[in-house]
Amino acid sequence: MKFYDCRTAPSPQKVRLFIAEKGLEIDTVEVDLRSLEHQRPEFLAINPAASVPVLELDDGMRLTESLAICHYLEQLHPEPNLMGRDAREQALVLMWNDIQTFEGYLAVQEVLRNAHPAFQRRALVGPEPYDQIPALAERGRLRSARYFERLDAHLASSQWVAGPRFTYADIVGFVYLRFATRTLREDPTEGRAHLRRWRDAVARRPAIESAS
Ligand SMILES: N[C@@H](CCC(=O)N[C@@H](CS)C(=O)NCC(=O)O)C(=O)O
């Protein structure tokens, strides 16, 4: 197996932290998004969608999309369980994956890709040259603030994102929180005590610390 990673990007980071929490060793190839390595023909031959993460299996099949890759690894290595032990917990993990991705990650991504000069003519992930829309950056800021309010309120009565134990949903939320901190140049846990309590608990986990 081979894992195509990028240390500076959130989506592959979810997979990297998942691999670390599982205690797996997988050959890893660093793809430098900043120098546009993913737009070169060599990488487009691996993933024509020009994105990471990619997990290449031993038979040559390639999986993209962090959720699919983590689901696959969970099936191969069920312990420690990270995707939910029963129907209810699995549904909660997937539910919070979507809430956090659509309300949190995409909001922050709107800010980054529609405001930062490095993403001119690259406003959407992929090989197509989409223009930036500055109004989306503004809207993204408003949406991300609302998302962190929602997560903070949820964590007031839930120890971890999907319930009483650590799961993939916490990896997802943690990676997005760090992405937001960097992109928005502000700490979303400021004034949000439950979010901060949870963020610090995730950050203290040895696997998270070692793979961050
Ligand atoms: N749904 C995909 C999203 C993959 C994605 O957006 N990857 C970004 C890095 S976070 C990327 O490869 N971007 C390339 C670019 O910036 O053009 C997943 O969860 O894996």
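The model is predicted: local features require pLDDT of at least 70 and side-chain atom pairs count only at pLDDT 80 or more, while totals for chains, interfaces and linings use all residues. Residues are numbered from 1 along each chain as its sequence is written, and side-chain values use heavy atoms, with hydrogens and water left out.

**The sheet**

Begin with the open sheet of four strands, whose order is S2-S1-S3-S4 with mixed pairing. Select strand S2 (27–30) and strand S4 (62–64), the edge strands, each of which pairs on one side only. On average, neighbouring strands of this sheet are turned by 20° against each other, direction ignored. Helices (H or I, at least four residues) and strands (E, at least two) are DSSP runs, numbered from the N terminus; two strands pair if DSSP finds at least two bridges between them.

Next, select residues 2–5 and 54–56, which are strands S1 and S3; they pair in the antiparallel sense over three bridges. Here Phe 3 stands opposite Leu 55 in S3.

Axes are lines fitted to C-alpha atoms, for helices over the stretch in contact, and angles run from 0 to 180 degrees between N-to-C directions.

**The ligand**

Select the ligand and the 16 residues that surround it; the closest are His 38, Val 52, Glu 65, Ser 66 and Arg 113.

- Ser 66: a polar side-chain atom lies 2.5 Å from an oxygen atom of the ligand.
- Glu 65: an N or O atom in the side chain is 2.7 Å from a nitrogen atom of the ligand.
- His 38: a polar side-chain atom lies 2.9 Å from an oxygen atom of the ligand.

On its own the ligand has 520 Å² of accessible area (Shrake-Rupley method, 1.4 Å probe), and the protein covers 85% of this.

**A salt bridge between helices**

The whole structure contains 15 salt bridges, each a side-chain nitrogen of Lys or Arg within 4 Å of a carboxyl oxygen of Asp or Glu. Select Glu 110 and Arg 143, whose side chains meet in one of them (3.2 Å, N to O). Glu 110 lies in helix H4 (residues 87–115) and Arg 143 in helix H5 (residues 134–155), so the pair ties together parts that are 33 residues apart in sequence.

**Backbone positions**

Select Val 52 and Pro 53, joined by a cis peptide bond with omega of about 10°. Pro 53 is in the loop between helix H2 (41–44) and S3. A cis peptide bond also joins Glu 79 and Pro 80, with omega of about -5°; Pro 80 lies in the loop between H3 and H4.

Finally, select Leu 36 in the loop between S2 and H2. Its phi is near 60°, a positive value in a residue other than glycine.

Terms used: Near = heavy atom within 4 Å. Polar contact = N/O pair within 3.5 Å; in protein donor to acceptor, adjacent residues only side chain to side chain.
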